[in-house]
Amino acid sequence: MSEVHAATVLLQWAAGGLLFGWVTARRREVGPGYGWLLRSVYGALAALAGIVGAAAGFRPVRDTAALVAAALAFGVLGVSVRRRAQTPSAQRSDAQRRRARVAAMLGRPAPTPDRPEGPDGAGFAPALDLLPAAAGLVGVVAGGVAAGGPVALSIARVAVGALFLGVVSDAMLLGHWYLVQPGLRRAPLVQLVRWAMALWVAETVVLLWPTGVVSILTGGVDDGFGGLLGWYWALCAAGSALLLGATEAALRIRRYAAVMAGTGLLYLAIMTAFGMDLMARVSLRP
């Protein structure tokens, strides 16, 4: 049995999203605006987590870590914006190569780059995104300790939940980013979807582990609704698995519309993922 606090849930979402933002942005395939979007959204969520925690059930480590994560996310955002012209970009390099090929076909001189890039490794360093993610995960672990119950199991549930919620949310946002950057390869999105599928397995295991949802389904724990919440969790878990599997299958189709279809499925997967994570923990609270 453990409590569920809104500040911990918000910080889970922010920390997981920031971490998988780094996973995608580190190869510099996706335009810098995607990183700006994630740092803004998850920085705001981390700040809200700190404020909610301070106002109701203050936990020093968790709530301080949330505010630190928010400050770092906005700080990294500022660095990224300032260094955008000097940062190597696969997107910009591809566009320049295409212009050079067209010029060669027409017998014209190769065009000069629109903006000079710094040498490889110069400009914004993607590793900076690990700083707010690490601060957020420290707060998530503290939130797991504060939730009570078997400490190791509680920490495992909030940590795995943070990663699961973050990767599904990032995958949905990245799917929308293809509207902004339609020439982007599918590999970054496929990577996130496969991470989500792997984390679904881990999430299912830690939530079923006794005392867990399996205890509700077998009648060992009374959820107050005759076991209905346990079956609702099972539907959310099955729905998440089906939606993620369908998204991965859709991304194998070599048509642009398949990316948009997968993004729509990920919208639904966010709802089932939150239902899967929160329904189990709410059902098991004292």
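Which residue's side chain meets that of Arg62 in a salt bridge? I looked this up in a predicted model, and the partner is Asp63, with N to O at 2.9 Å.

Next I checked burial for that pair. Arg62 is buried, and Asp63 is buried as well.

Then I wanted the overall tally. Searching the whole structure, I got 6 salt bridges. The Arg62 and Asp63 contact is one of the salt bridges I noted down.

I moved on to Glu248. Its side chain meets that of Arg194 in a salt bridge, 2.9 Å from N to O.

Does Glu248 count as buried or exposed? I found a relative accessible area of 8%, and because the cut-off for buried is under 20%, Glu248 goes down as buried.

Which other residue forms a salt bridge with Glu248? I found Arg252, where the closest N and O atoms are 2.8 Å apart. Arg252 has a relative accessible area of 58%, and exposed means over 50%, so I logged Arg252 as exposed.

Methods. Residues are numbered from 1 along each chain as its sequence is written. This is a predicted model: local features need pLDDT of at least 70, side-chain atom pairs count only at pLDDT 80 or more; totals for chains, interfaces and linings use all residues. Side-chain values use heavy atoms; hydrogens and water are left out. A salt bridge is a side-chain nitrogen of Lys or Arg within 4 Å of a carboxyl oxygen of Asp or Glu. Buried means under 20% relative accessible area, exposed over 50%, partly exposed in between (1.4 Å probe, protein chains only).
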